[in-house]
Amino acid sequence: MPASRLRRVAVLVLEGAKPLDVGIPAQVFTTRASMPYEVRVCGAAPGLVTGGDGLAYDVGHGLDAVAWADIVFVPGYRFPDRDDPPQAVIDALVAAHDRGARLAAISTGAFALAATGLLDGRRATTHWHYTRALAARHPLVQVDENVLFVDEGSVLTSAGAASGIDLCLHILRGDLGVAASNHAARRLVAAPYRSGGQAQYVPRSVPEPLGERFSATREWALHRLGEPLTLDILARQAGVSPRTFSRRFVEETGYTPMQWVMRARIDLARELLERSQRSVEQIAADVGLGTGANLRLHFQRILGTTPSEYRHTFTRGE
């Protein structure tokens, strides 16, 4: 979609809203010259909203902002498994969805979306502490407890607070491309993308001493995507056997090592398509995929489009 179109973002603050959950979309999509978004923070009504963790929010907009927005974020809030949001909030979310707005929940904000019925029959996630409660309260929702976020097109959900950053960057990648998403990640001092499941954050009885080492290996690989990267090479860099590396890598990221490398290469190819005039053949070589045919094959398989169509999408508004 062309980068020139202004997108309207509403952050819907419910009673007991968690501060970090509110701040993430407000900061990621902050209104600035380099970001074609306008952000409005709202509540069920304008005025003071009691938040969680000792904070309160003085919001300038009511549900009119939900009716105005192209994307509505619902931050997590306290005690989501006790009561549904007010009926007026539920009705506003349903109406926004019906006219084509995207609804995105951070952490326990998924309970508010589930209360609308819009998650029935769809995959969704929430903070790991509440996944069972979400499944019990809304049995028609297909709760996935081992992902950082779920994109179901018009409704998106994310796990604990920090994964709200992952979700926001994912939305940016879809709206504006990888270059804009990476720029925002640098501004936030955040990882451009984390593929991992949230199971890695669930308390464990046994320490996981290899986590930092594997993170360093992933960072090492990101700087060498144009070079040969095999399972043996990655395992050797991490200082463990290929079998151990492969097993633990899947636990940490949700992907096999080579699936992760392929997605990293495709992301780099996306950025080069957006920001350079290099040919598809040149980009294929740059990212370690060898030939344009190979790049086209994996681009289509992972993204459902061709490199040329992708480039056209992200340059036609310039």
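A salt bridge here is a side-chain nitrogen of Lys or Arg within 4 Å of a carboxyl oxygen of Asp or Glu. Glu 271 and Arg 275 form one, with their closest N and O atoms 3.3 Å apart. The model is predicted.

**Overall fold**

The protein contains 14 helices and 10 strands. Its radius of gyration is 20 Å. A compact globule of 318 residues would come out near 20 Å, so the value agrees with that expectation. The C-alpha trace spans about 55 × 55 × 35 Å along the principal axes.

Of the 318 residues, 46% count as buried. Contacts were also sorted by separation along the chain. Among those with a separation of 6 or more, 66% join residues 24 or more positions apart. The accessible surface is about 14600 Å². Carbon and sulfur atoms own 53% of that surface.

**Charges and salt bridges**

The protein carries 35 positive and 33 negative charges. Their mean positions lie 5 Å apart. Side chains of opposite charge can pair when their charged atoms come close. A search of the whole structure gives 10 salt bridges.

| Pair | N to O distance | Relative accessible area |
|---|---|---|
| Arg 270 and Asp 267 | 3.1 Å | Arg 270 10%; Asp 267 12% |
| Glu 271 and Arg 275 | 3.3 Å | Glu 271 16%; Arg 275 58% |
| Arg 278 and Asp 286 | 2.6 Å | Arg 278 34%; Asp 286 30% |

Helix α11 covers residues 257-275. Arg 270 and Asp 267 both sit in this helix, three residues apart, which is about one turn. Their side chains meet at 3.1 Å, N to O. Arg 270 is buried, because its relative accessible area of 10% falls under the 20% cut-off. Asp 267 is buried too, at 12%.

Glu 271 and Arg 275 also belong to helix α11. They are four residues apart, again about one turn of the helix. Are the two partners buried or exposed? Glu 271 is buried, at 16%. Arg 275 is exposed: its 58% is over the 50% cut-off.

Arg 278 and Asp 286 meet at 2.6 Å, N to O. Here both residues fall in the middle class. Arg 278 is partly exposed, with 34% relative accessible area. Asp 286 is partly exposed as well, with 30%.

Which residues are linked in a network of salt bridges? Arg 7, Arg 102 and Asp 175 are.

Phe 79 is not a glycine, yet its phi is positive, at about 55 degrees. The residue lies in the loop between β5 (71-74) and α3 (87-98). Phe 79 is partly exposed, with a relative accessible area of 36%.

Ser 107 also has a positive phi, near 55 degrees, in a residue other than glycine. Its loop runs between β6 (102-105) and α4 (109-115). Is Ser 107 buried or exposed? Ser 107 is buried, at 6% relative accessible area. So Phe 79 counts as partly exposed, whereas Ser 107 counts as buried.

Technical notes
Residues are numbered from 1 along each chain as its sequence is written. This is a predicted model: local features need pLDDT of at least 70, side-chain atom pairs count only at pLDDT 80 or more; totals for chains, interfaces and linings use all residues. Side-chain values use heavy atoms; hydrogens and water are left out. Helices (H or I, at least four residues) and strands (E, at least two) are DSSP runs, numbered from the N terminus. The radius of gyration is taken over C-alpha atoms; the globule rule is 2.2 Å times the number of residues to the power 0.38. Buried means under 20% relative accessible area, exposed over 50%, partly exposed in between (1.4 Å probe, protein chains only). Contact means heavy atoms within 4.5 Å. Accessible areas come from the Shrake-Rupley method with a 1.4 Å probe; for residues, only the protein chains shown count as cover. Lys and Arg count as positive and Asp and Glu as negative; His and the chain ends are not counted. The place of a charge is taken as NZ of Lys, CZ of Arg, CG of Asp or CD of Glu.
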